[in-house]
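Dear colleague,

Please find the structure below, followed by a short account of what was found in it.

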Amino acid sequence: MDPRAFLLELAPLPEDARAAYVAAHLPGARRDGLGNVFAGEGKLLLLAHLDTVLSPGPVRLQGGRLYGAGVGDNSAGVAVLLSLPPLPGVVRGFTVGEEGLGNLKGARALVAALSPETVVAVDGYLPVVVDRALGAVRFRVRLSGPGGHAWGDRGAPHPVFALAEGLGAARALLEGKEASLNATGLKAEAPVNAIPKEAEALLELRALEEGVLEGLLGEVEALFRNVARARGLGFGLEVLGTRPVGATATPLLKEAARQALAEIGERPLFLPGSTDASAAIERGIPALALGAYRGGGAHTPREWVLPNSLLEGRRVLMAFLRALGVG
């Protein structure tokens with residue numbers, strides 16, 4: 001089936017309905033206890049994640065672009081992978097838990113259960129090839145105090161202002177380092193005329209080297225601990241998930257990507273990234289991720305895709321498999 005048709009039907013669906021749709025259109029589909037959908041037998045595992053960062057909803061075509069939350073990442077990858085025919089030696093897997101705090105749970109489960117010799121994630125823009133796993137650690141920081149009346153206890157320790165102080169200082173720790181820090185999920189529940197007892201934030205650190213990632217996490221933890229102590233507040237840090245660093249893409253896989261992208265007149269843009277392929281990389285299994293569409297605005301409500309680019313993505317994926325001696 002045309003991947004564009006799959007995309008139009010898949011993109012508006014929530015994750016559970018999307019998994020059911022894939023299972024209904026995937027010959028020999030099986031489900032596991034997590035919600036992954038997969039089919040086929042073999043040592044080459046192709047993966048595309050079913051979940052999206054923002055809740056999907058209606059899509060619209062405007063100016064040749066298809067707009068909608070999650071329409072690209074990774075609805076487009078799912079549509080391209082689903083459009084492939086069954087191939088000998090190939091397992092097609094559609095995973096849960098790639099985005100957000102999913103912690104690669106779907107891909108990690110399939111890799112552990114199926115023991116593939118090679119893993120390829122179908123995810124991202126053409127002509128990107130993710131050949132290095134970008135490490136990440138997601139964690140919650142919480143500051144706590146006695147709370148109180150906004151006026152009567154105005155001198156009491158205030159977790160919100162301390163949290164803001166820590167966040168600003170934490171970002172400065174990244175200067176000169178090839179790393180990123182993101183903060184979201186800020187929460188401090190209290191009436192407007194009350195000092196909250198707690199304030200918390202979700203943070204994510206990313207880096208290309210394990211040592212850098214571990215070092216930054218330690219620095220961020222020490223920074224917030226010191227801020228809390230100086231302000232008379234309690235402090236807690238909870239690690240919620242990690243993603244590995246490293247690279248296992250073999251020369252054969254990289255050459256196959258070069259040959260495949262040449263089919264559409266492109267050269268591979270090798271970049272680091274965090275994809276389902278990371279679940280294989282952490283086990284030492286040869287793996288990379290292939291982009292499957294052209295678009296932009298990922299992780300925003302204005303995400304868009306060029307629908308015809310899915311035909312290019314399908315062509316590239318099939319050429320990649322031929323270069324590996326499949327199909």
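In what follows, a residue is called buried under 20% relative accessible area, exposed over 50% and partly exposed in between, with a 1.4 Å probe and protein chains only. This is a predicted model, in which local features need pLDDT of at least 70 and side-chain atom pairs count only at pLDDT 80 or more, while totals for chains, interfaces and linings use all residues. Residues are numbered from 1 along each chain as its sequence is written, and side-chain values use heavy atoms, with hydrogens and water left out.

Aromatic pairs

The structure holds two aromatic pairs. Rings of Phe, Tyr and Trp (its six-membered ring) pair if their centres lie within 6.5 Å; planes under 30 degrees apart count as stacked, over 60 as edge-to-face and the rest as tilted. Helices (H or I, at least four residues) and strands (E, at least two) are DSSP runs, numbered from the N terminus. Phe6 is buried, with a relative accessible area of 3%, and Tyr21 is buried at 12%.

Tyr125 and Tyr293 also form an edge-to-face pair, 5.3 Å centre to centre with 75° between the planes. Here too the pair links distant parts of the chain: Tyr125 lies in the loop between β7 and β8 (128-133), and Tyr293 in the loop between β16 (287-290) and β17 (295-296), 168 residues apart. Tyr125 is partly exposed, because its relative accessible area is 27%, whereas Tyr293 counts as buried at 2% relative accessibility.

Charges over rings

A charge sits over a ring if NZ of Lys or CZ of Arg is within 6 Å of the ring centre and within 35 degrees of the ring normal. The charged end of Arg154 sits over the ring of Trp151, 3.7 Å from its centre. The charged end of Lys254 sits over the ring of Phe270, 5.8 Å from its centre.

Helices α4 and α8

In helix α4 (residues 105-114), the buried residues are Gly106, Ala107, Arg108, Leu110 and Val111. Their cover includes β3 (44-49), β14 (234-243) and α8 (278-281). Ser278 is found in helix α8 and is buried, with a relative accessible area of 1%. Not counting residues up to four places away in sequence, Ser278 touches Leu104, Ala133, Pro244 and Gly273, where contact means heavy atoms within 4.5 Å.

With kind regards
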